[in-house]
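Please keep the sequence and the structure in view while reading.

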Amino acid sequence: MRPTGRQRPPHHRPPAPHGEELRAAARHFARRRFLTRTAAAAALAFATHLPAAGAAAARELDAARITGDPFTLGVASGDPLPHSVVLWTRVAPAPYEPGGGLAGRSVGVAWEVARDERFTSVVRSGTALASPEYNHTVHVDVDGLEPGRPYHYRFRTGSWTSETGRTRTAPAPAAAAPALSFAAVSCQAYFDGYYTAHRHLAQDDVDLVLHLGDYLYEYAVDSAGGARNYTDRVLPEVFDRETVTLEEYRLRYALYKSDPDLRAVHAAHPFVVAWDDHETENNYAGGVPEDSVLTEEFLLRRAAAYRAYWEHQPLRPVQRPVGPDMPLYRRLHWGTLAQFDVLDTRQYRSDQAYGDGRHVPGPESDDPARTMTGAVQERWLLDGWRASDALWNVMPQQVCFSQRKLDLGERAPMSMDAWDGYRASRDRILAGAKSAGVENLMVLTGDVHVGYAFDIKDDFDDPASRTLGTEIVATSVASGRDGVERPANWRTYLTANPHLRFYDGRRGYVRVRLDRSQARADFRTVSAVTTPGAPVSTAASFVTEAGRPGLVPV
């Protein structure tokens, strides 16, 4: 269990009194020892007044009566397949109010997909119902598309038309795609600064964006937007508390997704999303919360967080959660060029060893029974590698995969929240990669608010050991505020970890280009996020050759 004196960040606010609703619901089900998936879903509905599945449909609103822009949170697309892609929007003329200003009524929404941005060649169209049950969000899994080409899309309701989004489909399964360009982003604490990196990424030429977690933070956002220090607006008081209930998570997504730079990047590129911890609660592990609350109470909070996450991301119905469970890990392909195995390293993991934090690895953290992924996801990953015919096997996930000593000396502490706290689990993953003959392994990571480039070693304590792959760590979009190029521990980390080839503490994103001969990673950084409009530059670039893992600076 975690130590009782763990410090909260300065922007933490205690949950509002409404948490008693969740505690009451949790006690109700705990007395019956009945918190199955179905019971948790029922408890969530009980605690939040959410309509249960099968409840009578809400009355439909005449869209002509909507007098303000209903597409205040923009549009998005995601998870492209060769013949389909997911389109997303939310109808919310008053996004900072519960229910988005639609008074619990459903709204019909039309959608169109075209080959051109003028929509002179519409190839698919239809209608969807934005219902209060799912917070008036719309998820359209458009099929019948051509593989390997861009498309444009938009939504309409009443007299209103959304902005136009641009998306694309993946190449055909057997296609020998020559190249793929994608970006990796993570950690966008609204209260730590502007999403300048997203604005630049919206203008960058990439096929895909992978969001590696911490899309949203549960912490309070004050009336000035924290480090954004607004002078032209006052944010509602409802944001100045930690998120606990479904309504609070929904409102927090409304705040984040109303940001113009985040809207721009979503409209420009399809996303593949994965969560980390802050979409629910800092450093939770499976069913174990950060704070000392009943497991049943935490699972109700997790159910609320997972539902709001699904509602506000371009995900398919198969990912829709049931109570506190959501099947988020999944596999995508880019012809025979790349296979993406998107992991979930939060929902199924063992509790952090030694109470979390920094600690020298020992018997507790190295217990072979401990897992980062859970047995089912681990088996799924290794089976997928054995069946893969892709040149590049890319593993987007959340926390540092490579060994990262946090000080000098043989018995240096490491992060118990990262894979260093789950070394047996990491060893099984790497053994599986070797057994499957994976030659070009690329791990993508977020979480730590800095940019790293690692060589993944067969033995991290022996720099001369075989290099098994590459880990690219995307710095944060905003979390950590402006940052510096060389943090105070820069020299220590590079000395303690010879396989660490690059370390930069500024905000930004990583752009990766895969082709048939090599992978290239460009670390793109911005000079500031506490003031808007900072320029972007490339801090460093590395390549790794296909069949010869190991990072080489360009």
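Does Asn 283 count as buried or exposed? At 13% relative accessibility, Asn 283 counts as buried, a term that means under 20% relative accessible area, with exposed meaning over 50% and partly exposed in between (1.4 Å probe, protein chains only). The model is a predicted one, in which local features need pLDDT of at least 70 and side-chain atom pairs count only at pLDDT 80 or more, while totals for chains, interfaces and linings use all residues. Residues are numbered from 1 along each chain as its sequence is written, and side-chain values use heavy atoms, with hydrogens and water left out.

Asn 283 is found in the loop between strand E11 (271-273) and helix H6 (295-311); helices (H or I, at least four residues) and strands (E, at least two) are DSSP runs, numbered from the N terminus. Although Asn 283 is not a glycine, it has a positive phi of about 55 degrees. Asp 356 is another non-glycine residue with a positive phi, near 75 degrees. Its place is the loop between strand E13 (338-342) and strand E14 (358-359), and Asp 356 is buried, with a relative accessible area of 8%.

For the protein chain as a whole, the secondary structure comes to nine helices and 24 strands. Buried residues make up 62% of its 554 residues. Of the contacts (heavy atoms within 4.5 Å) with a separation of 6 or more, 71% are accounted for by residues 24 or more positions apart.

The interior may be considered next. A nonpolar core is a set of buried Ala, Val, Leu, Ile, Met, Phe, Trp, Tyr and Cys residues joined through side-chain atoms within 4.5 Å. The largest such core has 49 residues, of which Tyr 190, Leu 201, Tyr 256, Tyr 309 and Met 326 touch the most other members. Two or more residues each are given to this core by strand E9 (179-185), helix H3 (196-202), helix H4 (246-257), helix H5 (260-268), E11 and H6. H6 provides the largest share, seven residues. Not counting residues up to four places away in sequence, Leu 201 touches Ala 183, Val 185, Val 206, Val 209, Val 265, His 269 and Tyr 509.

His 198 lies in helix H3 and is buried, with a relative accessible area of 0%. Leaving aside neighbours within four places in sequence, His 198 is in contact with Val 185, Gln 188, Asp 261, Leu 262, Val 265 and Val 477. Seven of the nine residues of H5 are buried, so this helix is largely enclosed by the rest of the structure. Among these buried residues of H5 are Asp 261, Leu 262 and Val 265. The buried residues of H5 pack against strand E1 (75-78), strand E6 (150-157), strand E8 (165-168), H3, H4 and E11.

A further pair of helices remains to be described. Helix H7 (residues 375-387) and helix H8 (residues 423-435) pack at an angle of about 20 degrees, with their axes 9 Å apart. That makes H7 roughly parallel to H8, a label for angles under 35 degrees. Here, axes are lines fitted to C-alpha atoms, for helices over the stretch in contact, and angles run from 0 to 180 degrees between N-to-C directions. In this packing, Glu 378, Leu 381, Leu 382 and Trp 385 in H7 meet Ser 425, Arg 428, Ile 429, Gly 432 and Ala 433 in H8.

Note on methods
Parallel < 35°, antiparallel > 145°, perpendicular 65-115°, else oblique.
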